[in-house]
Structures are given as C-alpha cells and as structure tokens.
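Colleague: I would like to learn how to read features off a model. Please take me through them one by one.

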Amino acid sequence: MTFAAASSRLVGSRINRKEDPRLLTGRGRYVDDVVVPDMLNAAFARSDIARGRIVSIETTAAAAAPGVVAVLTGTDLNPLLAGPIAATPTLGMGSPGPHKVLADDEVRYVGDPYAMVVARSRAEAEDAVELIELDVESLVPVADYTTALLSDERVHPQLEDNRAGGMVQPLDDELRTLLESAPYSATDTFVQNRYLAVPMETRGIVAWWDPGRMSFDIWVSTQSPHDVRTVTARVTGVSENQVRVQMGDVGGGFGQKAYLARDEQIVILASYHLGCPVKWIEDRRENLVAATSSRAERATVSIAADQLGNILGVRVDHIDEVGAYPMAGSAAMMGAVIFTGPYRIPKLSFSTDSVYTNTCSRAPYRGPWQIETYVREQAVDSLARNMGLDPIELRRRNVLQRDQLPYLLPIGLSLDHVSPAETLEQAAAMIDYDGFRAWQRQEFAAGRLVGVGIGLYIEPQSAMGPYAAEPAHIRIQPDGSTDVYLGSGSHGQGIETTTAQIVSENVGVPFDTVKVHQGDTGTTPYAFGTGGSRSGPILGAAIQLAARDLRSKIVEIAAHQLEASPDDIEVTGGVAAVRGTPTRARTIGEISRSAYLDLGALPPGMEPGLETLKRYKTDMPFLFSNACHMCTVEVDGSTGSVRILRFVVSEDCGVMINPSVVEGQIAGGAVQGIGGALLEDFIYDADGNPLTTTFLDYLLPTASDVPQIEYGHVETPATTPGGFKGVGEGGAIGAPAAVANAVNDALHLVGARVREAPFSPARIVEALEAVGR
Amino acid sequence: MAVNGIPRTASVEDRRTLAEFLREQCGLTGTHLGCEHGVCGACTVLLDGGAVRSCLLFAAQLQDAEVTTIEGLSAEDGSLSPVQQAFADHHGLQCGFCTPGFVVSVTAFLSSNPAPTDGEIAHALSGNLCRCTGYQGIIAAVKAVAGR
Ligand code: FES
Ligand code: FES
C-alpha cells in the first residue's frame with residue numbers, strides 16, 4: 001500500500017469521482033443486470049381506461065400460454081397483504097383508499113395494474129398479458145383536478161369527496177384590507193404543467209423469497225434501501241432481519257424512487273407467494289404513464305406593496321392533484337412554510353387543496369414544493385410591472401439583507417444563515433443585468449424580442465421526523481484501508497466520492513484508500529435514504545463527526561506508542577507523526593494492526609478496534625440553502641419558439657465538498673426545470689387518457705436545447721458539523737421561474753403575457769396574436 | 001458475429017434484439033436500455049465502426065457483423081479511453097445510466113469528425129438523452145477530446 005497523496009484540504013476540491021471508472025467502462029451494476037438462478041420475469045396487465053368497474057378478469061388463456069408460471073390478480077395477492085402499503089414516513093398521514101396492491105373493484109387510472117403474469121422470460125410474460133381479458137364497465141373519471149372537488153364522481157367511493165388534504169391559513173381582516181387598499185397590487189393565476197421525474201433507468205426489482213432459508217433477497221432501483229426492507233417486512237409479515245436489500249448502481253431517481261410503489265410491492269408479494277425469484281423491469285411507456293406523476297398544480301396569488309415598493313402581504317390560493325394512489329401526497333405544506341422565501345413579507349395567507357383524480361399517482365419530484373418559487377417570482381414580476389419598476393428593483397427593495405437575519409417568517413419559523421441579497425447581486429453582475437436592459441432596447445428597436453428573468457429562492461431541507469438524522473460507520477481495516485458504511489441510496493450524487501473527501505481530510509488517510517459502501521441493508525446502518533437534499537447537511541455532518549472521532553482514537557494510540565503528547569500528533573496522508581519530528585511516526589496500517597492484533601500496544605483501558613458509528617441529528621426542523629437563477633431568452637415573434645441565450649446561477653450551499661458535484665447538481669436540476677418550462681408536458685385528455693406515452697411525445701431536453709450554465713458561489717456555512725448545505729433540488733426549483741419571467745419579460749415589450757406553462761410555441765403565438773402581433 | 005473482437009456463435013430467436021443478445025447472451029450489461037424505442041441512445045453500440053441503436057436491430061440480422069460495446073472501448077488493463085477519461089475529468093456523468101451510450105456515440109462521432117464546431121457537437125449529442133447532467137460536463141468532455 002502506498003501512502004503518497006497528501007490528504008489535507010480535500011474538502012472543496014474538484015477531485016474526480018470514485019464511481020466513474022466502473023460506470024464509464026460498462027461495469028456498473030444496475031438492477032436489470034442482476035441475474036439469479038431460476039429467476040422468473042413479470043409483466044403487468046394495466047388498465048387502458050381512466051376509471052371503470054371491474055366485472056371480471058379472465059386469465060385462463062394467459063395461464064396456459066408458453067412459459068407462464070402464474071397469472072396473479074388481486075384475488076391472489078391482496079389478501080396476502082399483512083400491512084399498509086404506504087411508504088414509512090407517510091404512514092401516519094392517512095394514506096388514501098383501500099390498502100390493496102392490485103385493482104380488484106375499480107381501475108382508477110390508465111396504467112393501474114390489475115394482474116401480473118410471471119413467466120420464464122419477459123417476452124413470454126408480455127405475450128401472455130395480451131391474453132388476459134378484462135371485462136370492465138367504464139365509469140366517468142375525475143380527470144381534471146381543477147374541478148375534482150365539484151365532481152359528483154369519487155376516485156375512492158368510500159370517501160366523502162375527492163379531497164386528499166388541504167390547509168387553510170385564514171385570510172385575516174388586516175391582510176384582506178391590505179390587499180384591497182394598498183397603493184399597488186397584482187393578482188394572477190399561474191398554472192404549472194404536469195411534468196415528470198423521468199430517470200433514464202426505469203424502475204425495477206428482483207425479489208427472491210427463499211422458503212428454504214426463510215429469507216428475502218431484494219435487488220432494487222431505489223433511493224431508500226432501508227425503507228424497501230421495512231416495507232417488504234410490513235407487507236409480507238416477515239421480520240426485517242429476514243430481508244436483505246441491495247441497490248447497486250441506480251440510474252437516477254429525482255424523488256420517483258424515494259418510496260417503494262405498489263408495482264414493486266406486487267413483485268415482492270408475488271415472490272413471497274410463489275417462493276421463487278421474480279424480476280420486473282419497467283418499460284418506458286409504463287414509466288411515463290404509471291410510475292409517478294408530479295407538478296400539475298395552480299395557484300392564484302395576490303400581492304400588495306406600499307408607495308415605496310415595500311411588499312406588505314401575499315395571499316395564495318393553491319390546488320394540486322395527487323392522482324389515485326399517492327405515495328406521499330402533496331408538498332404544499334412545505335410550499336406554505338417557505339412561500340415568502342427570500343423577501344421581507346410580513347403577512348401571508350395560504351390555502352391549499354389536494355385532490356384525488358383518476359390519473360397516475362403523485363410522488364415527490366425534485367423540489368416537490370417548488371410551486372412556491374414558481375408563482376411567487378412571477379407574482380413579484382407582476383407587481384413590479386404594475387408599479388412601473390424593473391423586476392430587479394422591486395426585489396432589491398424587499399430582499400432580506402444579512403443584517404436582517406434571523407428573520408421570522410410569517411409562518412413562525414426562523415430563517416437564518418442564508419444570503420439572498422448576495423446571490424441576487426452576484427447573478428445580476430454575472431449576467432450584466434443593466435447592460436442587458438440597454439441591449440434589449442436596441443434589439444427591440446431592431447425587431448427582436450429578448451428578455452431577462454429572475455428566480456430567487458430559499459431552498460429548505462426538511463429535517464423533521466426520520467429526516468433529522470443520518471448514521472456513518474467508518475472502519476479502518478488491519479491493513480490501514482478504510483471502509484465507510486452509509487445508509488444512503490446514492491443514485492448519481494457522487495456520495496462515494498464526497499464521503500471519501502470528508503473522511504480522508506478529517507481522519508487523515510489518503511483519498512485513494514477510502515472505499516464507501518451504501519445501498520446494502522446487510523452491511524450498512526439504518527437510514528431513511530437519499531432524498532430531500534440531505535446528503536450534504538445531515539449525512540455530511542454524520543460523516544464528519546465519525547471521521548473526527550476516529551482521528552481522535554488514532555491520535556491517542558499514536559501518542560501512546562510514540563510517547564508523545566496527543567496535542568503534538570499530526571495525522572495526514574495515512575501517517576500519524578509527532579509534529580516537527582517526522583521520523584517519529586506510525587502509519588495508519590501499523591496503528592490499525594495494533595488496534596486489532598497487538599492489543600498490548602494500545603493505551604491501557606482502550607477498547608480494541610479502529611471503527612466508529614456516529615449518528616448525527618439536527619434539532620432544527622429545516623436547514624436552508626439559497627440561490628438566484630437568472631436567464632436571458634429570445635422569443636421568436638413569428639414561430640413562438642424560445643431560445644435561452646444565457647443562464648446564470650448564483651448558489652449558496654454553504655461549504656462545498658466538491659464543486660464539480662455541486663455544479664453537476666445545479667446543472668441537472670436547472671435543465672430539468674428548463675425542460676418543464678419549455679418542453680416537457682405530460683398530457684391527459686378530458687377522459688383521462690394520457691397522450692404523451694413515448695419519448696417521441698414527451699420531450700426531454702437534449703444537448704441542443706440547453707444553454708451553457710454559468711455558476712457563481714456564495715458561501716454561508718451551515719451551523720451543522722462541516723457547514724454543508726443541500727443542493728440537490730434547487731436547480732429544479734429556480735429555473736422554471738427564471739425562464740417564465742424571462743419569456744414574459746420579452747413578451748412584455750409588446751404587451752403580451754403567458755401564465756400557463758409550458759411556454760410552448762403555440763401558447764406564445766396565441767399570446768402574441770391576442771395583442772394583435 | 002464478433003463482439004469486442006471475440007467471435008460469437010449463437011442461435012437466437014428471431015425477435016431478439018441486438019441489445020438483448022449482448023446483455024443476456026454475452027453478459028455484456030454495459031449496454032443499457034432506456035426506452036427500447038430508439039430515442040434515448042443508451043443502447044448505442046458500434047456496428048462495423050458506426051454508432052447504432054442496439055434496441056432497434058435484431059440480432060439475427062447481424063451474422064457477419066463486428067460489434068463493439070462499451071466494454072470493448074477501454075484497454076485490456078482497464079485504463080480508460082481518451083473519451084472515457086474526458087468524461088471522468090469533466091464530470092460528464094452522474095448516475096451513469098446514459099453514459100455507455102454517450103461514450104460510444106462520442107467515440108464514433110469524434111473518429112469521423114475530430115475537430116467539430118460547437119454546433120456540430122450539440123447536434124451529434126442530441127441523439128442521446130441524459131437526465132442527470134444537463135449535458136454540461138458531457139459537452140465539456142467532447143470539447144476537451146477535440147482539443148478545444
Ligand atoms: S434503448 Fe435504444 S434508443 Fe433507448
Ligand atoms: S448520468 Fe444519469 S442519465 Fe446521464
């Protein structure tokens with residue numbers, strides 16, 4: 001073993017990722033790469049109507065088809081359910097409807113599974129699905145969420161209405177008066193289109209109940225391997241220590257794979273029922289139609305300001321849909337918490353309704369509450385226009401300055417350690433906001449429509465309930481190599497790399513000798529999983545605590561063995577040495593060997609071994625990062641198409657562990673947001689039929705659609721160990737608002753406005769025609 | 001057919017795609033399936049040196065073909081090809097699922113056009129979908145290999 005590289009100052013460096021060599025050479029291991037002896041393959045029979053009463057399901061022909069082992073319906077599997085199918089954190093939230101995995105009374109959305117074929121090969125399973133005859137009496141679906149509360153039809157007949165949840169923070173008289181009598185105000189209804197997570201790897205699972213060993217082995221594409229174990233145990237009735245879940249490499253999740261959905265639970269129950277390994281790999285149509293839905297919401301926002309442009313208050317009336325079987329429901333509460341975001345806004349009223357519809361079920365998607373930024377930032381622009389102010393000027397008058405922190409949000413929560421004013425100004429400088437305004441006038445005179453838009457926001461990381469804590473287990477082996485075991489479920493975030501950076505720097509061992517293990521419940525400590533942008537602030541803090549703890553032990557052992565004071569021991573590059581006397585040194589390997597094998601060489605009374613498990617828990621309900629997105633666009637006045645000219649992000653995620661990883665998260669999120677604002681649109685017709693079921697209709701951004709993203713960094717450390725903050729979701733939160741405002745800034749030149757996304761050519765042309773262009 | 005220089009003889013069902021053949025019969029699971037309808041490019045392999053979508057080709061049609069997969073692009077000692085190294089150096093991947101398709105496509109593209117313009121790069125990459133990177137690191141990697 002070589003101990004060449006110095007290991008200090010790794011936190012903050014753009015070191016290459018540990019994940020990359022295997023992923024670049026085709027040696028990653030994703031769930032579809034898993035093959036188990038005698039493994040069977042599953043395919044689902046799914047409803048092709050939005051709502052209907054099941055009269056009968058005829059499976060005889062399918063069961064007799066070549067290669068078929070079993071055709072399972074709700075009659076077979078629903079009675080096996082030993083516990084609720086909801087994801088663990090949402091158990092207490094009163095999840096909807098009957099707890100059943102396969103539809104047996106009604107089908108409730110296009111894609112609702114009502115039977116599953118298990119066959120020797122996937123092709124045979126898919127062929128047999130075609131032979132299943134579903135006799136279904138179609139019913140009037142609840143297809144439009146905006147009218148779902150008025151509908152006489154019920155998505156779940158046992159419920160009084162289609163309301164899945166809601167909240168009213170009442171409009172008090174003071175705010176009502178303010179909104180009515182303030183010198184300036186604006187009221188608009190903004191619509192956010194339904195767009196989806198779309199990980200490039202679809203969902204998939206191999207579930208293997210071995211009745212001989214009485215144990216479950218599960219390989220799955222997930223963000224939360226430990227919760228897959230918990231849910232498996234709950235729905236089958238086995239105990240958690242009979243279940244081992246491994247996730248391997250995962251091809252993206254963005255929230256879609258945070259909670260184990262019905263589909264995977266059906267596979268688990270089928271394996272339990274049949275006693276053999278069953279694999280299911282979702283196809284792309286299933287992923288678009290039946291995996292999870294997201295966004296699809298609208299809000300009416302009224303905002304008012306005084307004569308000087310001080311914002312006085314906001315009223316928000318919001319509605320969103322959660323589909324038929326939401327795994328986590330609406331995120332509107334979070335939106336309400338952070339609605340006033342980066343501004344001083346003393347009064348807020350926020351009412352929201354979440355409704356069931358006969359559409360695919362909602363799940364979290366990257367910044368699930370981002371409607372708050374999307375509509376707030378557009379409302380601020382509306383107010384600025386009504387005042388005759390530049391949108392950046394109104395923001396400057398209201399943005400929270402550092403000396404105004406901590407700021408008590410109207411919802412009663414304290415906001416601190418953020419830098420909205422700094423990121424606003426940094427982004428404005430980067431994009432040369434004033435210069436752009438001058439150029440915009442020139443270009444308009446020459447007949448071009450160009451615009452600039454701002455998306456300024458605070459990004460909360462929830463640290464409530466199971467999200468407050470994370471473990472990190474570090475073990476230095478007798479040869480001095482270091483293993484780190486995490487309960488996380490990295491699926492692109494580079495956690496193997498960033499963890500090794502923290503460990504290397506804080507223990508004092510070389511980066512190359514640190515190996516990070518995650519995604520295997522057999523070896524890693526329990527944690528909820530990767531999501532909510534918590535890997536930096538909470539997992540990072542746990543890793544730092546554990547690393548420092550281990551370093552102390554190394555120092556103690558070295559001091560004892562070198563007969564020096566612990567204060568004089570330095571640990572770096574895998575060597576513990578007496579400061580100023582590099583010849584008096586022990587390698588980590590020597591120290592570690594003594595900790596396991598030469599116990600007499602340890603300080604008296606010291607516990608043998610060189611490992612530690614630390615759990616970090618924060619007492620703060622939320623941690624905050626913040627950013628400002630600014631972009632410039634050109635709108636083609638005849639075709640209505642939008643081209644992004646520049647896209648700038650000024651981000652404050654506290655201390656950066658690896659700026660390349662940070663920028664990768666920003667870029668990926670921003671491009672998803674750009675996609676949602678301009679291209680992506682999952683459309684249902686009035687009968688609840690999805691119209692965008694392939695990549696030919698559901699348009700993801702390609703390399704030709706995206707601008708070069710320019711990054712600026714502001715660093716306000718968090719108060720957590722390490723000072724890291726979350727950065728996984730923000731890109732997707734800020735970008736749609738910035739794009740919406742930029743498009744409307746260009747359209748404003750001719751008096752046009754679009755309030756409904758996506759900002760498609762057709763919609764823009766319509767808006768231009770409405771003002772006679 | 002020869003796959004990564006190794007002759008392969010097999011009888012295959014007529015509906016078996018090249019992607020399935022590579023993944024299931026050759027054990028070469030680096031070729032990924034992101035859509036199975038010819039749009040995402042994750043399944044891209046080299047067929048007689050040109051980039052093709054292995055989800056759209058039937059294995060049975062390719063009797064005397066030379067196929068190179070992602071596994072065949074790195075050196076035998078495991079060291080990365082210049083394109084692979086550039087992806088690592090420029091953070092051109094996150095989850096890695098789209099990556100084999102991009103690396104194969106870029107390898108074919110740069111061998112036919114070693115000095116592309118920005119527009120040509122964007123155009124060449126637009127046949128492959130990535131949901132993680134926003135294409136930023138991928139474009140930077142291609143420019144780096146092209147010496148720009
Ligand atoms: S899997 Fe072949 S193009 Fe998507
Ligand atoms: S790296 Fe995840 S899809 Fe490209």
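Colleague: Which strands of chain A does helix α6 of chain A lie across?

Modeller: First, the ground rules. This is a predicted model, where local features need pLDDT of at least 70, side-chain atom pairs count only at pLDDT 80 or more, and totals for chains, interfaces and linings use all residues; side-chain values use heavy atoms, with hydrogens and water left out. Residues are numbered from 1 along each chain as its sequence is written, while chains are lettered from A and ligands numbered from 1 in the order in which they are written.
Helices (H or I, at least four residues) and strands (E, at least two) are DSSP runs, numbered from the N terminus. Contact means heavy atoms within 4.5 Å. Axes are lines fitted to C-alpha atoms, for helices over the stretch in contact, and angles run from 0 to 180 degrees between N-to-C directions.
Now the case. Helix α6 (residues 225-236) of chain A lies across β10 (215-220) and β11 of chain A. Its angle to β11(A) is about 145°.

Colleague: At what angle does helix α7 of chain A run to β9(A)?

Modeller: About 25°. Helix α7 (residues 262-274) of chain A lies across β1, β3, β5, β9 (204-210), β10 and β12 (278-281) of chain A.

Colleague: What is the order of the strands in the open sheet of chain A?

Modeller: Two strands pair if DSSP finds at least two bridges between them. Here seven strands run β3-β5-β1-β12-β9-β10-β11 in chain A, with mixed pairing. At the edges are β3 (68-73) and β11 (243-246) of chain A, each pairing on one side only. From one strand to the next, the twist averages 20°.
Take one pair. Strands β1 (residues 40-46) and β5 (residues 113-119) of chain A are antiparallel, with six bridges. In β5(A), M116(A) is opposite F44(A).

Colleague: Which residues cover the two faces of strand β3 of chain B?

Modeller: Buried means under 20% relative accessible area, exposed over 50%, partly exposed in between (1.4 Å probe, protein chains only). In β3 (residues 44-47) of chain B, T44(B) and L46(B) are buried on one side, V45(B) and L47(B) on the other.
β3(B) pairs antiparallel with β4 (residues 50-53) of chain B over four bridges. V45(B) has V52(B) as its bridge partner there. The β3(B)-β4(B) hairpin has two residues between its strands, and D48(B) takes a positive phi near 50°.
β3(B) also pairs with β5 (residues 66-68) of chain B, antiparallel over two bridges. L46(B) stands opposite T68(B).

Colleague: How many aromatic pairs are there over all chains?

Modeller: Rings of Phe, Tyr and Trp (its six-membered ring) pair if their centres lie within 6.5 Å; planes under 30 degrees apart count as stacked, over 60 as edge-to-face and the rest as tilted. The count is 14. One of them joins F339(A) and F350(A), edge-to-face at 5.9 Å centre to centre and 65° between the planes.

Colleague: Why does the pair of F339(A) and F350(A) tie together parts that are eleven residues apart in sequence?

Modeller: Because F339(A) lies in the loop between α9 (332-337) and β15 (347-356) of chain A, and F350(A) in strand β15 of chain A. Both F339(A) and F350(A) are buried.

Colleague: Which residue has its charged end over the ring of Y325(A)?

Modeller: A charge sits over a ring if NZ of Lys or CZ of Arg is within 6 Å of the ring centre and within 35 degrees of the ring normal. Over Y325(A) it is R262(A), 4.0 Å from the ring centre. R213(A) does likewise over W208(A), at 5.8 Å.
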